[in-house]
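I am opening a notebook on a structure that is new to me.

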Amino acid sequence: MKQTLNSHPEEEPNREIAALMESERPHLLRYACYRLGNADDAEDAVQDIFLQLHTKRQDAGGQPLADLRSYLYRSLSNFCTDRLRRRQVRAFVPIEQVSHICEEQVENFEREFRLISTLLAGIPEEQAEVIRLRIHGNNSFSDIAAILDIPVTTAKSRFQYGIEKIRKGIKS
């Protein structure tokens, strides 16, 4: 059996993780940044999640996880929730430090973050999380359903009801 230098079966999971990291990192960073309100914490969170994925793969003997992308977002969501529970005061950074990880330039990240946080705080958390994953995480409803382990119709309805509640709150 002939094997090339670049083709080692044990390296395949690492290539898959590297490819996933390359494609999802900007979305994960943006999602974490809007959850945590801090670019440095977002960077740390995403790095920790990828390290956790790599470690989990090694502990499982290299066996593949069912859905790596869903695992990453679910883990990042849990990580951010835990971090926010432990944090007493949110620290904000200047927009110049945040804009390099966001796809679009935002004139004032701190102001936008506070506005979004205030709007999402006025709706149930399960609706807010679906909105975050859809808008900041750039996920489809089927991806969100897999990440949160809920039916696609539930993900869509949570999004719709959450947006409706936010609109009603803005009008009043």
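The entries below follow the order in which I looked things up.

**Ground rules.** I note that this is a predicted model, in which local features need pLDDT of at least 70, side-chain atom pairs count only at pLDDT 80 or more, and totals for chains, interfaces and linings use all residues. I number residues from 1 along each chain as its sequence is written, and side-chain values use heavy atoms, with hydrogens and water left out.

**Aromatic pairs.** I searched the whole structure and found two aromatic pairs. Rings of Phe, Tyr and Trp (its six-membered ring) pair if their centres lie within 6.5 Å, and planes under 30 degrees apart count as stacked, over 60 as edge-to-face and the rest as tilted. Y31 lies in helix 1 (residues 12-36) and Y73 in helix 3 (residues 68-86), so the pair ties together parts that are 42 residues apart in sequence. Helices (H or I, at least four residues) are DSSP runs, numbered from the N terminus. I find both Y31 and Y73 buried, where buried means under 20% relative accessible area, exposed over 50%, and partly exposed in between (1.4 Å probe, protein chains only).

The other entry is F141 with F159, an edge-to-face pair at 5.4 Å centre to centre and 70° between the planes. Because F141 lies in helix 7 (residues 141-148) and F159 in helix 8 (residues 152-171), this pair ties together parts that are 18 residues apart in sequence. F141 counts as buried at 17% relative accessibility, and F159 counts as buried at 19%. I also noted R134 over the face of F141, at 4.5 Å from the ring centre; a charge sits over a ring if NZ of Lys or CZ of Arg is within 6 Å of the ring centre and within 35 degrees of the ring normal.

**Nonpolar core.** Which residues touch the most other members of the largest nonpolar core? Of its 39 residues, they are L28, V46, L72, L76 and I131. Such a core is a set of buried Ala, Val, Leu, Ile, Met, Phe, Trp, Tyr and Cys residues joined through side-chain atoms within 4.5 Å. Among the elements that give two or more residues to this core are helix 2 (39-59), helix 5 (109-121) and helix 6 (125-135), while helix 1 gives the most, with nine residues. Not counting residues up to four places away in sequence, V46 touches R25, L28, L29, A32 and L76, contact meaning heavy atoms within 4.5 Å.

**R69.** I then looked up R69, which is in helix 3 and counts as buried at 17% relative accessibility. Its side chain has a polar contact of 3.0 Å with that of E24 and one of 2.7 Å with that of N139. A polar contact is a pair of N or O atoms within 3.5 Å; within protein, one must be able to donate a hydrogen and the other to accept it, and residues adjacent in sequence count only if both atoms are side-chain atoms.

**Positive phi.** Most residues other than glycine have a negative phi. N138, in the loop between helix 6 and helix 7, has a positive phi near 60° and is partly exposed at 46% relative accessibility. D149, in the loop between helix 7 and helix 8, also has a positive phi, of about 60°, and counts as exposed at 68%.
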